[in-house]
Amino acid sequence: LVFNLPQQIRWHLIKQINAAGEPVRIWEAKARQTGCSTFVQGYLFHQCVTNQDETALVVAHVADTVHEIFTKSKLFLEHMPEQLRPQTKYDNRKALDFRAPRGPEGLRSRYTVVLPRDATSANGITARKVHVSEIALYENPRPFMLNMLQAVPDTPDSFVYVESTCE
């Protein structure tokens, strides 16, 4: 995978924040078609398939967009070399769960998608990695974000990337 220039800038910023030992919190007003969602999905996917007990959450304003974004991660999984591909317990429209089909084996990482239907849509989820897409299009972004951010630990390994296309 070769990053385009906007993706290189994003990657450099994330590396700087990680090197400083700080939680990654990025809000981006983005242009269309710069590879932002693909980059963030690639980052979340990589974190989930290379670390144990990782949790990632993807949020977008409508079901079609959530599905489109989540499909990128499924494509990454599909094209992984077989010898590197983790065990998968669930692989459906709302989750990739990298546990063994039975028992405690596997990475125990999971990748989940939700819609911001109301402020409590992310309740019950603790996620160290979060991608919030097209926040400007959410019906009630403020209460959703206030509630959702409480599900993300304030630790150096946590990551929240919020983006929206400029109009």
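Residues are classed as buried at under 20% relative accessible area, as exposed at over 50%, and as partly exposed in between (1.4 Å probe, protein chains only). The model is predicted, so that local features need pLDDT of at least 70 and side-chain atom pairs count only at pLDDT 80 or more, while totals for chains, interfaces and linings use all residues. Residues are numbered from 1 along each chain as its sequence is written, and side-chain values use heavy atoms, with hydrogens and water left out.

Salt bridges were assigned where a side-chain nitrogen of Lys or Arg lies within 4 Å of a carboxyl oxygen of Asp or Glu. By this criterion, 11 salt bridges were counted. Helices (H or I, at least four residues) and strands (E, at least two) are DSSP runs numbered from the N terminus.

One of the salt bridges joins Asp91 and Lys74, with an N to O distance of 2.4 Å. This pair links distant parts of the chain, since Asp91 belongs to strand S3 (residues 90–91) and Lys74 to helix H3 (residues 63–78), 17 residues apart. Lys74 has a relative accessible area of 25% and is partly exposed; Asp91, at 46%, is also partly exposed.

A salt bridge is also formed by the side chains of Arg108 and Asp53, at 2.8 Å from N to O. Here, too, distant parts of the chain are linked: Arg108 is located in strand S5 (residues 106–114), and Asp53 in the loop between helix H2 (36–50) and strand S2 (55–59), 55 residues apart. Arg108 is partly exposed, its relative accessible area being 33%, and Asp53 is partly exposed at 35%.

The side chains of Asp157 and Arg128 meet at 3.4 Å, N to O, in a further salt bridge. Asp157 lies in the loop between helix H4 (141–149) and strand S7 (159–165), and Arg128 in the loop between S5 and strand S6 (129–133), so that parts 29 residues apart in sequence are tied together by the pair. The relative accessibility of Asp157 is 38%, which places this residue in the partly exposed class; Arg128 is partly exposed, with a value of 21%. Both residues belong to a network of salt bridges that links Glu54, Arg128, Lys129 and Asp157.

Within helix H4, the residues Phe144, Met145 and Met148 are buried. These residues span an arc of only 95° around the axis (taken from the directions from the helix axis to the C-beta atoms) and therefore lie on the same side of H4. The buried residues of H4 pack (contact: heavy atoms within 4.5 Å) against strand S1 (24–30), S2, S6 and S7.
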